Amino acid sequence: MSNVQSHAAPAHANSKRVAFAAFIGTTIEWYDFYIYSTASALIFSHTFFPPSSDPLTGVLGAFAAYGVGFFARPLGAVFAGHFGDRLGRKRVLVFSLVLMGVATVLTGLLPSYETAGLLSTVLLVLLRLLQGVATGAEWGGASLLAVEHARPRSRGLLGSFTQAGSAAGMLLAAATFLIVRSSLSPDAFSSWGWRLPFLFSVVLIAIGLFVRTRIDEPAPFVALKAEGRIRRLPVAEVLRHHRRALFVTIGLRLLQPAMYAIVTTYAISYLNMKRGGASAVLGAVIIGSIFAVIATPLWAALSDRIGRRRPAIWAVVGISLLVWPFFWFLDHGDLRYLPLVFAIELAVFDAAIYAPGAAWFAEQFPVEVRYSGISLGYQIGTLLSGGLTPFVAAALLAVGNGSPWLICAYISALGLLSLIAVLAAADPAGRKRDHAAPAVNEPASVAGSH
């Protein structure tokens, strides 16, 4: 056990460095994922799909390809969970970063439909699948690197650096697209300029690899391995013995990713179609993401003090109600105030439930199956909500004859399901006495009964 102690001793001292590494790596991976999202709303409908007299056909095709990546996420979660719980968090994270970078750069090099026909569409979908696998592998490992290096009283705060990486990735993606789009003529941007953010990913991936190869495995996994308690099939054990925790984590992911997809992806297409305001949305996403990056650690730190559940209830109820005036504003509001609207949504409501997610998900599962459990719950929930939402929203808008009320009802229904999960989730941080909360950095099975 001396080897375990030697690894555990510096773990807390290195927690901030590990949290920074998780933030940087996650920012880069989400940058890659979000530039695809932005391009789906602006470019892909007429670049990789057959010309059509009906603009809705191209939009639905682009958002369907966007959603394909979410279907691949559970596959990435199963792969990452299995090897992450058996071999370690670090190796899987390096793999996910490389896979994401390769898929992103190749997307920037794809021939258009005009040049290659249906082959371009097929290749676009295949690369999106690879992005989905990489993303499915990413979140769980990055979260655990931060959370399992943290003391019990700061799990939420340090884990939130992974969550902040998502907002930072969106910020970087939107800013890059806005700079490129404003620097080129519309024809130049449409023909080749959109490729530049994808090719820029090469530089970011190199930075991410440099950071991630210099971090250590967290002490809980080192102890688990030293004690010989590695599970042969951790994913199967989650499905057999931790179904309640799995369903809870899936439910926690139903509302937030859906509304996030509405704000950061679908709103671009919606306003571009109704009011020609795509650039206004990109600017608003940038400002909203800045506030979200700032708010994320604040909400997470609050959850360490008062528990995860109370901020989550605030967020779920707020998002479920806010979606109705949000779409009214998109239709009728003064777009000069769009950045304020996005900042309120992303920093005041979205961040309240997303910020403590890394710690809260980890608190649902014991360490020996934790990578598998949180990855599956996170990615399945995200697939059912965020991955399908842009496509579902476009279809519901057509069914509603251009009125967004069906989209609003859809988001509110997801909110009800997430509220049930919030009330059912284990909340160790919410207990009055700190010693009652099971420490994530202890290898014992702390959440098997939940």
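The following dialogue discusses selected features of a predicted model.

Reader: How many salt bridges does a search of the whole structure find?

Author: A salt bridge is a side-chain nitrogen of Lys or Arg within 4 Å of a carboxyl oxygen of Asp or Glu. The search finds 13 salt bridges. One of them joins the side chains of Glu363 and Arg155, at 2.5 Å from N to O. This pair links distant parts of the chain, 208 residues apart: Glu363 is in the loop between α19 (357-362) and α20 (370-387), and Arg155 is in helix α8 (residues 155-183). Helices are DSSP runs (H or I, at least four residues), numbered from the N terminus.

Reader: With which other residue does Glu363 form a salt bridge?

Author: Glu363 also pairs with Arg308, where the closest N and O atoms are 2.7 Å apart. Here too distant parts of the chain are linked, with Arg308 in the loop between α16 (278-306) and α17 (309-332), 55 residues from Glu363.

Reader: Are Glu363, Arg155 and Arg308 buried or exposed?

Author: Buried means under 20% relative accessible area, exposed over 50%, and partly exposed in between (1.4 Å probe, protein chains only). Glu363 counts as buried because its relative accessibility is 3%. Arg155, at 1%, is buried, and so is Arg308, at 0%.

Reader: Which residues are linked in a network of salt bridges?

Author: The network comprises Glu227, Arg229, Arg231, Glu237 and Glu368. Within it, Glu227 forms a salt bridge with Arg229, with 3.1 Å between the closest N and O atoms. Glu227 is partly exposed at 36% relative accessibility, and Arg229 is partly exposed at 24%.

Reader: Which residues form the nonpolar patch on the surface?

Author: Patches are made of residues with over 30% relative accessible area and no salt bridge; like charges are joined within 9 Å, and nonpolar side chains (Val, Leu, Ile, Met, Phe, Trp, Tyr) within 5 Å. The nonpolar patch consists of Val98, Val102, Leu106, Leu109, Trp192, Leu196 and Leu199, with about 600 Å² of accessible area together (Shrake-Rupley method, 1.4 Å probe, only the protein chains shown counting as cover). Helices α5 (89-108) and α10 (195-199) each supply at least two of its residues, and α5 gives the most, with three. Leu106 lies in α5 and is partly exposed, at 39% relative accessibility.

Reader: At what angle do helices α15 and α21 pack?

Author: Axes are lines fitted to C-alpha atoms, for helices over the stretch in contact, and angles run from 0 to 180 degrees between N-to-C directions. Helix α15 (residues 256-274) and helix α21 (residues 389-399) pack at about 45°, with their axes 9 Å apart.

Terms used:
Residues are numbered from 1 along each chain as its sequence is written. This is a predicted model: local features need pLDDT of at least 70, side-chain atom pairs count only at pLDDT 80 or more; totals for chains, interfaces and linings use all residues. Side-chain values use heavy atoms; hydrogens and water are left out.
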